[in-house]
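Please look at the model first, then read the points below.

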Amino acid sequence: MNRFARRCLFYLLYLGLILNLTVFSLPVVVNTQSINSAEIAEIRGVWLTNVASGVLFVPWGINRALNQLSRLNFNTIYPVVWNRGYTFYKSIVAQQITGSDSQPLLKFMHGGRDVLTSLVKLSQAKNLSVIPWFEYGLMIPHNSQLAKSYPHWLTIGQSGIKSIKETPPEEINNGVNKVAWLNPLHPQVQDFIKALILEIVSNYNVDGIQLDDHFAMPVQFGYDAFTVNVYQQEHQGKSPPTDCFNPEWMRWRADKITDFMAEIYQAVKAVKPNAKISLSPNSQAFAYKYYLQDWESWVKKGLVDELILQVYRDDPDSFMAEISAPAVQFALSQIPVVIGISTGTLRDSVEIAQIKEQVRMVRDRHFDGISFFYWESLWGYIAPESPKQRRQGFSEIFNATAKKSLLP
């Protein structure tokens, strides 16, 4: 048995443990209170990732997951389609650039079949909207094939720093991963990312696409030769400030990313005018200061159709402060705004009582919906309550069907 086969066998056993406890649990008992569902419009979403999650790797696991979500009155899924330098659909664009048309283990587990095609077909039968999620955005592993093949596509920090530490909270292990960043200013990077997005919008019957906090540039980056040259051309030969937090230097880079976002928006709308451009960022202050992602300006410029703010906070006061921020309230006056709520990770479970309270706070302030991060922690083995108790809790949160909020 070769190394790849052994890894697949191990992963199958791992998936069996997860899915046996998350999917084959007792049936859902739905609370059917007398609510006129025709009067309810609310986005009820969940992210489907491959990080510390096995749901996408087993065909019957996907089917059962969508059945459960539908029974519990969810109406939107955000499945990962781009993560760690791989696509999670069969991509001609990725094949040409990276040599792989989809994530290898995913391809093996599904016998070469296209997972996104299956997701869309099954979701349509359940009246679930599908908005593919570019989870890793411009972030890629420093040792990925993409990084090795196209080093000139990467942006870097001072002294030639090519990668930074990134530890997503959902990681299985406690180690840190070194990640590099594709340069959002580089025209070849822009063409590649746009091609991936348009490939999905053109070839799949999806409701839109989603970018998130990784569609950005870490503030310490931007000192690569390409970016420095562009800056010098626009500043009479002057080099960028050595202080990465210099206000003018930050604004210049942020505006360039905004220009790229505008190109994506226009390109998608040219292919499919009704496709929703969804964005799931961190708070405006954090996103701009540390990742040069000025999403408030994107909303003002009409480049975002739906905002899903990541508010993964345990403290009620901190949670309230995030959803009450001026940038969020401004966005709420312009477009549908959904609040992203954490249901837990492998290392940090969230009790159903906290989830219910945060949903209440969101609804009391008239937001357009809720999305949960992430599928595996909704009612899986990592939760503090039993799967049956968790699902009962969600049946009380979503005790009637709801129309998906429409674009303004």
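A contact here means heavy atoms within 4.5 Å. The model is predicted.

**Helices H2 and H5**
- Helix H2 covers residues 59–71 and helix H5 covers residues 115–125.
- Two packed helices are described by the angle between their axes and the distance between the axes.
- For H2 and H5, the packing angle is about 30 degrees and the axes lie 10 Å apart.
- Angles under 35 degrees count as roughly parallel, so H2 is roughly parallel to H5.
- The crossing of H2 past H5 is right-handed.
- On the H2 side, Ile62, Asn63 and Leu66 meet Val115, Leu119, Leu122 and Ser123 of H5.
- Five residues of this contact between H2 and H5 are nonpolar, two are polar and none is charged.

**The sheet**
- An open sheet is formed by nine strands, and the pairing is parallel.
- The strand order is S5-S2-S1-S15-S14-S13-S12-S11-S6.
- Strand S5 (129–130) and strand S6 (133–134) are the edge strands, each pairing on one side only.
- Within the sheet, strand S14 (residues 337–342) pairs with strand S15 (residues 369–373) in the parallel sense, over four bridges.
- Ser342 has Phe373 in S15 as its bridge partner.

**A helix on the sheet**
- Helix H9 (residues 247–271) packs on the sheet and touches strand S11 (208–212) and strand S12 (276–280).
- The direction of H9 makes about 150 degrees with that of S12.

Conventions. Residues numbered from 1 in each chain as written. Predicted model: local features only at pLDDT ≥ 70, side-chain atom pairs only at ≥ 80, totals over all residues. Heavy atoms only, no water. Pairing = 2+ DSSP bridges. Helix = DSSP H or I, 4+ residues; strand = E, 2+ residues; numbered from the N terminus. Axes fitted to C-alpha atoms, helices over the stretch in contact; angles between N-to-C directions. Parallel < 35°, antiparallel > 145°, perpendicular 65-115°, else oblique. Left-handed = near helix turned anticlockwise from the far one by under 90°. Nonpolar A, V, L, I, M, F, W, Y, C, P; charged D, E, K, R; others polar.
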